Amino acid sequence: MAHVRNKQVILRDYVSGFPKETDMSIVESTLTLKLPEASNEVLLKNLYLSCDPYMQILMTNVEPGSVRLGVAKVLESGHPDYKKGDLIWGLTKLEEYSLVPSTQIQFKIEHTDVPLSYYTGILGMPGMTAYAGFFEVGSPKKGDKVFVSAASGAVGQLVGQFAKLTGCYVVGSAGTKEKVDLLKNKLGFDEAFNYKEEPDLNATLKRYFPEGIDIYFDNVGGKTLDAVLLNMRVHGRIPVCGMISQYNLAQPEGVTNLTNLIYKRVCMQGFVVSDFYHLYPKFLEFLLPHIREGKVVYVEDIAEGLENGPAAFVGLFSGRNVGKQVLLVARE
């Protein structure tokens with residue numbers, strides 16, 4: 001019976017405030033590459049793991065060492081839907097090999113003419129998040145004025161491109177000149193700005209949206225959301241995807257301009273991507289041709305080696321990454 005050394009990244013304890021690399025440690029254990037009798041679990045070799053800001057929430061109130069999204073190869077399966085050699089994306093752990101319940105696997109990977117890493121991003125959870133949030137919650141129309149915060153991130157970069165495909169005017173915010181240039185010159189945004197260089201966000205938004213905003217895709221919350229509320233158009237929509245500016249604060253910032261939701265009849269709606277996974281086949285049918293034809297592009301920041309996992313994750317909160325942060329664990 002074969003045994004392998006399994007390198008793992010383990011949280012030392014629950015995390016409060018900004019995560020640090022020292023909150024995590026790298027350990028090795030031994031794993032048997034054979035399932036127990038009558039098991040319906042699946043033994044995976046992890047290839048790519050996703051690093052996403054929402055994982056900070058898991059670190060604060062879920063058992064340390066909990067799950068994350070990844071792309072993996074099936075080594076052994078106790079479930080009839082999966083066989084040895086299948087490629088899948090779903091929930092796994094921050095380690096080289098994982099034994100997971102079959103219910104944690106979201107989808108089998110059928111299309112391998114695109115990079116496998118895409119299934120941690122554009123063709124995985126972030127892509128579905130952008131698709132569902134923009135089209136299902138945002139209800140865009142041709143000519144809408146769209147603002148996207150954290151626009152160079154895993155989700156934001158896709159929302160902006162989906163907006164352009166729909167015939168919208170789109171502006172994104174990001175935290176560095178490099179990212180602003182990326183939005184305008186590679187991702188096709190009409191305009192973009194560095195929010196760190198804008199002391200008055202209300203005035204900034206009025207400059208880019210003199211007639212107001214129809215759709216604000218919110219990834220950050222806080223002061224940006226407060227300024228946006230002053231600039232929404234009547235019957236505007238705000239899909240609330242994330243609030244990265246608030247995740248590490250001991251006391252979240254208040255939002256003071258909520259009365260605009262009433263006067264302007266704005267629909268502000270939070271959503272969770274798992275509620276929309278039934279649309280995944282429709283999503284692939286929509287997006288894969290655009291990827292193959294180069295009409296939608298995706299920017300990844302790939303860190304190699306499990307030992308670089310802590311730095312890759314922590315870097316999300318200082319904007320160190322450019323594009324979707326991915327961790328390459330092993331090549332197929």
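Helices (H or I, at least four residues) and strands (E, at least two) are DSSP runs, numbered from the N terminus. The model is predicted: local features need pLDDT of at least 70 and side-chain atom pairs pLDDT 80 or more, while totals for chains, interfaces and linings use all residues. Residues are numbered from 1 along each chain as its sequence is written, and side-chain values use heavy atoms, without hydrogens and water.

Select helix H2 (residues 125-137) and helix H3 (residues 156-165). Their axes, lines fitted to C-alpha atoms over the stretch in contact, are 9 Å apart and at an angle of about 45 degrees. Angles run from 0 to 180 degrees between N-to-C directions.

Now select Asp 190 and Lys 164. Their side chains form a salt bridge (2.9 Å, N to O), that is, a side-chain nitrogen of Lys or Arg within 4 Å of a carboxyl oxygen of Asp or Glu. Asp 190 lies in the loop between helix H4 (177-185) and strand S10 (191-194) and Lys 164 in helix H3, so the pair ties together parts 26 residues apart in sequence.

Move to Lys 141, which pairs with Asp 144 in another salt bridge, at 3.8 Å between the closest N and O atoms. Asp 144 is buried at 5% relative accessibility, whereas Lys 141 is partly exposed at 48% (buried is under 20% relative accessible area, exposed over 50%, partly exposed in between, with a 1.4 Å probe and protein chains only).
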